[in-house]
Amino acid sequence: MIQKLSHVTVYVTDQDRAKDFYVGTLGFEVRTDATMGPFRWLTVGPKGQPDLELILMKIAPGPMMDEAAANQLRALVEKGGLGCGVLETADVRRDYEELSRKGVRFSGPPEERPYGIETVLRDDSGNWFSLCQRPSSK
């Protein structure tokens with residue numbers, strides 16, 4: 001049976017810019033950066049989670065999508081139409097302040113939710129992630 005999820009694709013408009021954002025701004029680390037002809041396999045991940053890799057996949061026509069589909073996907077990403085997941089943190093308010101100073105775009109300040117404290121950030125391509133701090137155990 002399936003044991004775990006190891007890779008997740010995040011479609012990006014520019015791989016170099018995305019690498020700078022995820023590594024330089026969010027503090028992730030590069031796991032793989034390999035070029036195979038015109039194709040670049042670029043993965044990053046949180047330093048504390050070595051078994052998960054985000055594939056920063058350039059939106060481009062290829063074997064899996066034609067030019068029309070690539071154009072539609074690019075428009076959807078740039079518009080902010082794709083939520084890519086939840087990034088967990090121990091202190092969402094601190095991270096919100098620090099990342100805001102680095103130019104990260106947020107939907108608003110962190111707010112209390114039934115599942116913790118949350119804000120929503122956008123990456124350099126337009127993808128959004130929930131940034132969440134789980135409630136402390138009592």
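1. Start with Asp 20. In this predicted model, Asp 20 has a relative accessibility of 55%, and because anything over 50% is called exposed, Asp 20 counts as exposed. Asp 20 lies in helix α1.

2. Now look at the rest of α1 (15-25). Which residues of α1 are buried? They are Gln 15, Ala 18, Phe 21, Tyr 22 and Thr 25. These residues cover an arc of only 155° around the axis, so they end up on the same side of α1. The face turned away from that buried side carries Asp 20 again, along with Gly 24, both exposed. As for what lies over the buried residues of α1, the cover includes β1, β3, β4, α3, β8 and β9.

3. Asp 95 is found in helix α3. Is Asp 95 buried or exposed? Its relative accessibility is 14%, and because the limit for buried is under 20%, Asp 95 counts as buried. Setting aside neighbours within four places in sequence, Asp 95 is in contact with Thr 89, Ser 100 and Leu 131.

4. On to the inside of the protein. In soluble globular proteins, nonpolar side chains tend to be buried together. Here the largest nonpolar core has 21 residues, and the members touching the most others are Tyr 22, Leu 56 and Leu 121. At least two residues of this core come from each of β1 (7-12), α1, β3 (39-45), β4 (53-58), α3 (92-101), β8 (116-122) and β9 (128-133). There is also a second, separate core of five residues, with Ile 59, Met 65, Ala 70 and Leu 73 among them.

5. What does Leu 121 touch, not counting residues up to four places away in sequence? The list is Phe 21, Leu 87, Leu 99, Val 104, Arg 105, Phe 106, Asn 127, Trp 128, Phe 129 and Leu 131.

6. Next, helix α2, residues 67-79. Its 13 residues reach 18 Å from the first C-alpha to the last, close to the 18 Å expected at 1.5 Å a residue. The buried residues of α2 are Ala 70, Leu 73 and Val 77. Why do they share a side of α2? Because they cover an arc of only 65° around the axis, which puts them on the same side. Ala 70 and Leu 73 also belong to the second core. Exposed Gln 72 and Lys 79 are on the face of α2 turned away from the buried side, and what covers the buried residues includes β1 and β8.

7. Last, the strands. Four of them make an open sheet in the order β1-β4-β3-β2, with mixed pairing. β1 and β2 (29-36) are the edge strands, each pairing on one side only. From one strand to the next, the twist averages 25°. β2 and β3 pair in the antiparallel sense over seven bridges. For a spot to check by eye, find Thr 32: it stands opposite Thr 43 in β3.

Definitions and conventions:
Residues numbered from 1 in each chain as written. Predicted model: local features only at pLDDT ≥ 70, side-chain atom pairs only at ≥ 80, totals over all residues. Heavy atoms only, no water. Core = buried A, V, L, I, M, F, W, Y, C linked by side-chain atoms within 4.5 Å. Buried < 20%, exposed > 50% of the residue type's maximum accessible area, 1.4 Å probe, protein only. Helix = DSSP H or I, 4+ residues; strand = E, 2+ residues; numbered from the N terminus. Contact = heavy atoms within 4.5 Å. Pairing = 2+ DSSP bridges. Axes fitted to C-alpha atoms, helices over the stretch in contact; angles between N-to-C directions. Expected span 1.5 Å × (residues − 1). Arc of directions from axis to C-beta.
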